Amino acid sequence: MPKVYKVEVVMKILVDADACPVKDIIEEVAKQNNIPVYMFIDTSHILSSDYSKVIVVSKAPDAVDFALLNHTSKGDIVVTQDYGVAAMALGKGAYAIHHNGREYLDGTIDRMLMERHMARELRRTKGRIKGNMKKRSKAEDVTFRGSLYQLCNKAKENKAK
């Protein structure tokens with residue numbers, strides 16, 4: 001009878017990195033927690049890292065999203081600003097966090113998706129609505145760092161159960 005070996009599945013952080021302003025913070029937190037990081041970009045972006053594995057995919061619509069989700073497993077952490085990607089990650093049993101530090105949760109993701117849909121419909125009927133595009137602040141970086149630390153601890157605790 002062959003021996004059966006238990007293989008420990010390692011939690012990882014997967015990043016929708018095309019427009020992610022917190023890549024350095026993600027790597028810093030990941031290094032301190034000994035968590036591997038995978039950064040997904042399309043061919044129109046250039047990214048190199050000494051810590052993260054960078055995965056480059058075609059520039060086809062949603063190619064980065066599909067590649068990221070294909071690599072996502074239960075217990076992983078996904079960093080994205082895309083509500084749809086976050087919803088699918090949650091559906092796979094992963095954790096998801098926005099680069100502003102807000103964790104996406106099963107109990108709120110449906111409302112967020114509906115609000116996104118309504119905003120899209122409003123833009124379609126009334127044209128482009130000018131948004132508040134202010135520069136990212138140091139306080140936002142601090143908030144994200146703290147939230148990612150907490151999420152890493154939560155994910156590790158749940159993985160140990």
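What percentage of the 161 residues in the protein is buried? Buried residues make up 37%, where buried means under 20% relative accessible area, exposed over 50% and partly exposed in between, with a 1.4 Å probe and protein chains only. This is a predicted model, in which local features need pLDDT of at least 70 and side-chain atom pairs count only at pLDDT 80 or more, while totals for chains, interfaces and linings use all residues. Residues are numbered from 1 along each chain as its sequence is written, and side-chain values use heavy atoms, leaving out hydrogens and water.

The protein has five helices and six strands, in the order β-α-β-β-α-β-α-β-β-α-α from the N terminus. Helices (H or I, at least four residues) and strands (E, at least two) are DSSP runs, numbered from the N terminus.

Helix α1 covers residues 23-33. Its buried residues are Ile25, Ile26, Glu27, Val29, Ala30 and Asn33. An α-helix has 3.6 residues a turn, so residues three or four places apart point the same way. Just after α1, asparagine 34 takes a positive phi of about 55°.

Aspartate 42 lies in strand β2, residues 37-42.
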